[in-house]
Amino acid sequence: MKFTLSALPTAMMTVALMSGPIVTYASTGSDNIESSDDMTPVTVTKIVDADGQINNQTAQTAQTAMAPSHTLAETHAEHSALNTLIDPITHKAVDNSYPLEVSSFLSLEQAQKLLVQVSPKIAANQAAIAASEYQTDALRTIDNPLVFARVSASAYHLDEDIDLSSLRNGIVNEVNNTVDNAVPPIADLPDLPNFGELVGERIPDSYNIKRSGSTTGAGLGVVWPIYTAGRTDALTGASDARTQEAVADSILDKNELYNTLIERYFKAQLAIIAAYLREDAYDTLQQTDHMAERLFEEGFISRVDRLEAQSALADAKSESVNANNDARLAMIALQRLLRTDYRIKPTTPLFVSSRPLPDVSYFQDLALNNHPGLQKVAAKRAQAQQLHALSDTGYKPTVLLYGYGQLEKDPSWVAGISASWKLWGGLDKTASLASSNAQIRQADLSEIEVSDNLLLLVEKNWHDVNNAQSRYQALQSNVDLAAEVLRLRRLGLQEGVNTTVDVVQAQTQSLKARTEQAQAANSYVQSLAALMQSCGTPLAFNAYLNAADIQLPTLYTE
């Protein structure tokens with residue numbers, strides 16, 4: 001059972017390869033290596049398999065003893081219900097996942113597809129991209145009409161004594177003054193009544209108010225920013241640029257993961273080859289030790305020669321055990337990266353191409369056009385440009401249409417248009433524009449620096465690939481010489497011409513030559529992967545793999 005965290009589609013970029021003659025072919029269909037350059041056959045009798053067990057098998061039965069490979073079952077989210085699964089490494093629950101059935105036999109291409117689906121880092125980057133895209137979508141509607149409704153309901157109770165004495169005195173005085181001014185003094189008229197007092201007698205000194213009840217209301221309003229001086233476009237553009245930066249970061253991480261996969265995948269293959277060679281050396285020394293024992297019993301060699309053969313055999317056994325443990329550890333590292341709870345058996349062999357690489361300028365052009373580091377710098381520049389546009393709107397007006405109406409039998413309403421300007425205060429527009437201009441300049445200069453570093457990195461990786469290719473081809477003569485010397489030394493031991501020390505030394509040289517050549521092949525593969533990553537096209541590595549004319553043996557085949 002396996003689970004996937006993401007299902008990003010991956011675009012594979014291929015590169016043109018220059019044609020060249022095929023000089024070597026190595027069959028990987030069995031454990032017996034056959035090649036046109038007469039490489040010494042490798043016989044393996046013991047290797048740690050994916051379950052951590054030791055299998056005792058001869059080269060003749062190795063192919064039939066191994067289980068057939070299976071195709072990676074790619075299950076997509078739309079075809080399987082999402083649920084919560086347990087991560088096999090950390091044992092933590094992971095939501096929104098779906099199961100994947102994964103074979104323990106994986107080619108590099110299958111491992112690459114699986115890596116994209118199960119990597120937590122890639123899934124986390126996808127979540128960051130989605131969050132940024134949603135933020136941009138939210139900003140796109142910021143200048144759309146805003147329609148809102150208001151509904152209210154309230155209850156009240158009022159109980160209050162109001163003091164009316166001052167009001168009464170004021171009314172009395174006002175009435176008296178008015179009467180005096182309106183009626184002129186006339187002799188012999190009787191005294192008129194005091195109208196102020198008459199009015200004042202009807203006004204109490206205080207009045208108690210008691211009221212209670214409830215009110216309800218409802219209304220509908222709209223606000224529409226019809227002109228924002230480009231602020232909305234600037235905010236949306238800045239958010240878009242942040243999304244592009246998140247995408248560039250995601251591609252950088254994915255390319256790095258592809259490179260890590262190639263590193264671990266072929267280190268596992270190299271460790272398996274080393275275990276092959278150590279076991280082969282151990283088998284040879286077992287035969288040498290048996291021969292030395294017979295010669296010692298017959299008196300043809302001294303006791304010292306016999307002890308030297310036993311010591312060499314003990315050392316070879318120890319080295320074989322160590323090599324098996326190293327192979328097991330390398331396979332565990334690959335297992336952890338692909339997040340399986342069982343060992344991954346790599347089926348794609350180490351390889352070397354005898355064809356020359358295209359000119360370094362070809363790869364440098366690839367890097368300048370495809371490397372996500374430059375895409376990230378471009379996203380930073382776009383953000384600075386949008387901030388500059390936003391700062392430039394500092395003193396421009398904002399125009400709004402607005403309206404509000406009450407939903408009643410006899411409704412009241414209001415509608416209008418408003419415009420507002422910033423006259424003074426807030427952020428300094430001049431300083432903001434200067435800051436954004438400096439950020440644009442920073443991005444421009446960063447692009448130059450990143451481009452220079454990329455060109456130098458591509459040049460270095462290109463030379464590393466060529467050096468590893470030359471090294472592998474040069475070591476072939478050492479392998480052939482060591483194999484022939486070992487054959488002659490063993491024959492000489494049988495004839496009494498050579499000693500066991502001669503055979504052990506020849507065996508050591510043969511093992512060294514074959515190991516060095518395998519290491520050179522791994523250096524070629526790792527340098528090629530680094531070159532493709534520095535070009536921003538890590539999956540172009542597969543095109544070189546498929547076109548390689550030299551392949552090293554592998555224990556696990558599809």
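Trainee: Which residue in strand 11 stands opposite Val-222?

Mentor: This is a predicted model, in which local features need pLDDT of at least 70, side-chain atom pairs count only at pLDDT 80 or more, and totals for chains, interfaces and linings use all residues. Residues are numbered from 1 along each chain as its sequence is written, and side-chain values use heavy atoms, with hydrogens and water left out. Strand 8 (residues 206-227) and strand 11 (residues 398-406) pair in the antiparallel sense over eight bridges; two strands pair if DSSP finds at least two bridges between them, and strands (E, at least two residues) and helices (H or I, at least four) are DSSP runs numbered from the N terminus. The residue in strand 11 that faces Val-222 is Gly-403.

Trainee: What is the bridge partner of Gly-403 in strand 12?

Mentor: Strand 11 is also joined to strand 12 (residues 413-420), by eight bridges in the antiparallel sense. A hairpin of six residues leads from strand 11 to strand 12. Within strand 12, Gly-403 has as its bridge partner Ala-415.

Trainee: How far apart are the closest N and O atoms in the salt bridge of Glu-319 with Arg-278?

Mentor: Glu-319 belongs to helix 7 (residues 303-338) and Arg-278 to helix 6 (residues 231-297), so the pair links distant parts of the chain, 41 residues apart. Glu-319 has 35% relative accessibility and Arg-278 has 29%; both are partly exposed, the class between buried (under 20% relative accessible area) and exposed (over 50%), with a 1.4 Å probe and protein chains only. The closest N and O atoms of the pair are separated by 3.9 Å.

Trainee: Is Arg-306 buried or exposed?

Mentor: Arg-306 in helix 7 links up with Asp-289 in helix 6, 17 residues apart, through a salt bridge of 2.6 Å, N to O. Asp-289 has a relative accessible area of 11% and is buried. At 8% relative accessibility, Arg-306 is buried.

Trainee: Lys-460 and Asp-464 are separated by about how much of a helix?

Mentor: The two form a salt bridge, with 2.8 Å between the closest N and O atoms. Lys-460 is partly exposed at 47%, and Asp-464 is partly exposed at 27%. Because they are four residues apart in helix 10 (residues 429-495), their separation is about one helical turn.

Trainee: Which residue follows helix 10?

Mentor: Helix 10 has 67 residues and reaches 97 Å from its first C-alpha to its last, close to the 99 Å expected at 1.5 Å a residue; the expected span is 1.5 Å times one less than the number of residues. The residue after the helix has a positive phi, near 85 degrees, and is Gly-496.

Trainee: At about what angle do helix 7 and helix 11 pack?

Mentor: The axes of helix 7 and helix 11 (residues 500-534) are 9 Å apart; axes are lines fitted to C-alpha atoms, for helices over the stretch in contact, and angles run from 0 to 180 degrees between N-to-C directions. Asp-305, Glu-308, Ala-309 and Ala-312 in helix 7 meet Thr-500, Val-501 and Val-504 in helix 11, contact meaning heavy atoms within 4.5 Å. The helices count as roughly parallel, the class for angles under 35 degrees, with over 145 roughly antiparallel, 65 to 115 roughly perpendicular and the rest oblique. The packing angle is about 25 degrees.

Trainee: Which helices are included in what covers the buried residues of helix 3?

Mentor: Helix 3 (residues 120-140) has 21 residues and reaches 31 Å, close to the 30 Å expected. Its buried residues include Ile-122, Ala-123, Ile-129 and Thr-136. The cover over the buried residues of helix 3 includes helix 2 (108-118) and helix 6.

Notes:
Salt bridge = Lys/Arg side-chain N within 4 Å of Asp/Glu carboxyl O.
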